[in-house]
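Have the sequence and the model open side by side, and let us take a walk through the fold together.

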Amino acid sequence: MNGLHLIADLHDCRCAPGLLLDAAGLEDYCVDACRRHGLSVVGRLFHAFTDATGQPAGVTGTVVLAESHLAVHTWPEIGGVTLDVYVCNFSGDNSARARALFAEVIATFAPERLEKKEVARGHLGS
């Protein structure tokens with residue numbers, strides 16, 4: 001279970017507004033980004049939400065990796081995104097790949113403000 005979990009809340013994103021609304025476009029970007037950073041895509045699911053009037057209202061998506069996952073949730077009405085990248089490090093250390101992917105995705109959304117955490121997973125305390 002040894003791994004690295006990177007978590008971020010992105011506020012007031014300055015990216016193209018369509019990135020927060022277009023499930024297919026966001027899926028393509030996330031899958032390509034994972035591959036560019038040397039991670040193995042084994043599945044994906046992205047869902048576009050609509051509001052009560054049928055207008056686009058955000059996207060939830062996950063890229064399933066052999067190493068674990070990338071998850072993203074968008075709130076276009078407030079320019080918000082939550083981002084989650086987790087990689088297992090059982091057979092090899094994927095931490096540098098995870099950090100590079102995380103940094104690229106954050107830069108793509110271009111948040112005005114950012115909160116982020118790194119969590120080491122699977123380490124038993126003494």
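The paragraphs below go from the strands and loops to the helices, and then to the cysteines and rings.

This is a predicted model, so local features need pLDDT of at least 70, side-chain atom pairs count only at pLDDT 80 or more, and totals for chains, interfaces and linings use all residues. Residues are numbered from 1 along each chain as its sequence is written, and side-chain values use heavy atoms, with hydrogens and water left out.

Let us begin with strand S1, which covers residues 3-13. Helices (H or I, at least four residues) and strands (E, at least two) are DSSP runs, numbered from the N terminus. Asp12 belongs to S1, and it has a positive phi of about 55° although it is not a glycine. The scale here calls a residue buried under 20% relative accessible area, exposed over 50% and partly exposed in between, using a 1.4 Å probe and protein chains only.

Moving on, Ala16 sits in the loop between S1 and H1. With a relative accessible area of 53%, Ala16 is exposed. Ala110 lies in the loop between H2 and strand S6 (111-121).

Now to helix H1, residues 23-36. Glu27 is part of this helix and is buried, because its relative accessible area is 18%. Which residues does Glu27 touch, not counting those up to four places away in sequence? They are Arg44 and Phe46, where contact means heavy atoms within 4.5 Å. Asp32 is also in H1, but at 38% relative accessibility it counts as partly exposed. Its C-alpha atom is separated by 24 Å from that of Asp12, 20 residues apart along the chain.

H1 has a packing partner in helix H2 (residues 95-109). Two packed helices are described by the angle between their axes and the distance between the axes. Here the angle is about 145° and the axes are 10 Å apart; axes are lines fitted to C-alpha atoms, for helices over the stretch in contact, and angles run from 0 to 180 degrees between N-to-C directions. On the H1 side, Leu26, Tyr29, Ala33, Cys34 and Arg36 meet Leu101, Glu104, Val105, Thr108 and Phe109 of H2.

What about the cysteines? Zero disulfides are found in a search of the whole structure, a disulfide being a pair of cysteine sulfur atoms within 2.5 Å. Cys88 is in no disulfide either, as the nearest cysteine sulfur, that of Cys34, is 14 Å away. Cys13 is buried, at 12% relative accessibility, whereas Cys88 is partly exposed, at 30%.

Arg121 lies over the face of Tyr86, at 5.2 Å from the ring centre. A charge sits over a ring if NZ of Lys or CZ of Arg is within 6 Å of the ring centre and within 35 degrees of the ring normal.
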